[in-house]
Amino acid sequence: MIKLIRLITILLLVINASGAIAQKQEEVCYNPNLVKDTTKKSIKSMAFAIMGNDSMKIVYHSPGVRNRVIWGGLVPYDEVWVTGAHDATTIEFKEAIVIDGKTIQPGKYAVFTIPGKKTWTFILNSNWQQHLASEYEQAEDIIRLQVKPKKNNHTERLQYFIETTEAKKGQLSMAWEKKMIQVPFTLR
């Protein structure tokens, strides 16, 4: 009987340990550039903001530069990019927003870009359940906007920001390596 109790105890410890490991894998990082970078993997990350009565969040995987050539290398120019790693980066908001004069209904969308040497195309796509850009269909785009990348201080891990500029105005920003793009928006 004592052996059975020990066996059950060991099994329970193993089950608890595996549950703790599974929970650790689901952790989300809100600032991937502040954590001690000990992994070569892309870190699951999130940007979150509350504006007025609305909340907005961006969920993404944050790859690191790790001494690689990013623009025109790891991320080719003039090709659709998931603008993160692994699954499509998603943005979700509960109130309509306006980007470049176009009203975008509340919901969850995939974020893609097409990086170029001088200008980028910022894309919101209705199919947010995608892996990389392999399932991307231009016909599912909600908006496409030309943006000019800006020079930025070195950002080791790709990072998104939701910045408020006024009560109902803000901008979505993405920084990586030495570039940043910004997309202004207004709450409807």
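The request concerns strand β10, residues 169–187. How many of the residues of β10 are buried, and which aromatic pairs involve W176?

Reply: The account moves from the overall fold to the strand, then to its rings, and finally to other parts. The model is predicted, with local features requiring pLDDT of at least 70 and side-chain atom pairs pLDDT 80 or more, while totals for chains, interfaces and linings use all residues. Residues are numbered from 1 along each chain as its sequence is written, and side-chain values use heavy atoms, with hydrogens and water left out.

The protein contains one helix and ten strands (DSSP runs numbered from the N terminus: H or I of at least four residues, E of at least two). Along the sequence, the order of these elements is α-β-β-β-β-β-β-β-β-β-β. Of the 188 residues in the protein, 41% are buried (under 20% relative accessible area; exposed is over 50% and partly exposed lies in between, with a 1.4 Å probe and protein chains only).

Strand β10 is largely enclosed by the rest of the structure, because 14 of its 19 residues are buried. Two pairings of this strand can be described (strands pair if DSSP finds at least two bridges between them). Strand β9, residues 150–166, runs antiparallel to β10 and is joined to it by ten bridges. Two residues separate β9 from β10 in a hairpin. Within this pairing, K150 has M180 of β10 as its bridge partner. Strand β4, residues 97–99, is likewise antiparallel to β10, here with two bridges. In that pairing, V98 faces T186 of β10.

Eight aromatic pairs are counted in the model (Phe, Tyr and six-membered Trp rings with centres within 6.5 Å; planes under 30 degrees apart are stacked, over 60 edge-to-face, the rest tilted). W71 and W176 make an edge-to-face pair, with ring centres 5.8 Å apart and planes at 85°. W71 belongs to the loop between β2 (54–62) and β3 (89–93), whereas W176 lies in β10, so the pair links distant parts of the chain, 105 residues apart. W71 is buried at 9% relative accessibility, and W176 is buried as well, at 1%. A second pair joins W176 to W81: this one is stacked, with 6.0 Å between centres and 15° between planes. Since W81 also lies in the loop between β2 and β3, the W81–W176 pair ties β10 to a part of the chain 95 residues away in sequence. W81 counts as buried, with a relative accessibility of 10%. Ring pairs connect W71, W81, W120 and W176 in a cluster.

β3 is mostly covered, with four of its five residues buried. β3 also pairs in the antiparallel sense with strand β6, residues 107–114, over five bridges. Here E92 has K108 of β6 as its bridge partner. K108 takes part in a further contact: its charged end lies over the ring of W128, at 3.8 Å from the ring centre (NZ of Lys or CZ of Arg within 6 Å of the centre and within 35 degrees of the ring normal).

Side chains of opposite charge can pair when their charged atoms come close. The model holds one salt bridge (a Lys or Arg side-chain nitrogen within 4 Å of an Asp or Glu carboxyl oxygen). The bridge is formed by R144 and D141, whose closest N and O atoms are 2.7 Å apart. R144 is partly exposed, at 33% relative accessibility, while D141 is buried, with a relative accessible area of 17%.
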